[in-house]
Amino acid sequence: LRIRAQRVNRSIKQLLSNDEDLAMLYLTHRRIEGAGRAIEDHSEFELLLESFSDRLDNLDDQMGELVSRIKTFRSLMELSLDNERNSIMRLDLYISIYSLSCGICAAGAGFLGMNMHHGMEEWELMLWPVAGGVTAVAWATFYYWWSRFQRF
């Protein structure tokens, strides 16, 4: 649309620069009188076309400003979407860290809960130190990765 307005405006300005063409635009006068107006007698059309040209210039400026606003809005939206994407990635990372810690607890429980004879099942008080050790390792892993990625 902006290119069309610029082309029309350029055509009007070319028409304004040619006096003969302006004089020939009085079609009714030519039809009634049988001959065109004098080449210098085209002030009405010239004023009309200059007014139209000024309106087209104004319209072109408004379209340029609108395009600029749209580009600015698009840039802001892209920044906002980048921020949301980074937040989602950070949440995914934190969930992965939590899953790793839970997996360590589950692995410790799975290794010690198998039906294998390793001698520890004979000790009555061994459950609490093993459960505490596995939980401590899981929390240490969680804290290490959490603090490392908290800087970002």
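**View 1. Trp 145 and Phe 149 both belong to helix H5.** Four residues separate the two, about one turn of the helix. An α-helix has 3.6 residues a turn, so residues three or four places apart point the same way. The model shown here and in the other views is predicted.

**View 2. Tyr 144 and Trp 145 pair edge-to-face, one of five aromatic pairs in the count.** A pair of aromatic rings is described by the distance of the centres and the angle of the planes. For Tyr 144 and Trp 145 the centre-to-centre distance is 5.1 Å, and the angle between the planes is 75°. Trp 145 also pairs with Phe 149: the ring centres are 5.8 Å apart and the planes lie at 15°, so this pair is stacked.

**View 3. Helix H5 covers residues 127-150.** Its 24 residues should span 34 Å at 1.5 Å a residue, and the C-alpha atoms at its ends are 34 Å apart, so the two values agree. Which residues of H5 are buried? They are Val 130, Val 134, Ala 138, Thr 141, Phe 142 and Phe 149. Phe 149, the stacking partner of Trp 145, is thus named among the buried residues of the helix.

**View 4. The buried residues of H5 pack against helix H4.** Helix H4 runs over residues 43-112. Phe 142 is one of the buried residues of H5, and it also takes part in an aromatic cluster. The members of this cluster are Tyr 94, Trp 139, Phe 142 and Trp 146.

**View 5. The chain as a whole contains five helices and zero strands.** Read from the N terminus, the order of elements is α-α-α-α-α. The chain has 152 residues, and 16% of them count as buried. Among contacts with a separation of 6 or more, 62% join residues 24 or more positions apart.

Terms used
Residues numbered from 1 in each chain as written. Predicted model: local features only at pLDDT ≥ 70, side-chain atom pairs only at ≥ 80, totals over all residues. Heavy atoms only, no water. Buried < 20%, exposed > 50% of the residue type's maximum accessible area, 1.4 Å probe, protein only. Contact = heavy atoms within 4.5 Å. Expected span 1.5 Å × (residues − 1). Phe/Tyr/Trp six-rings, centres within 6.5 Å; stacked < 30°, edge-to-face > 60°.
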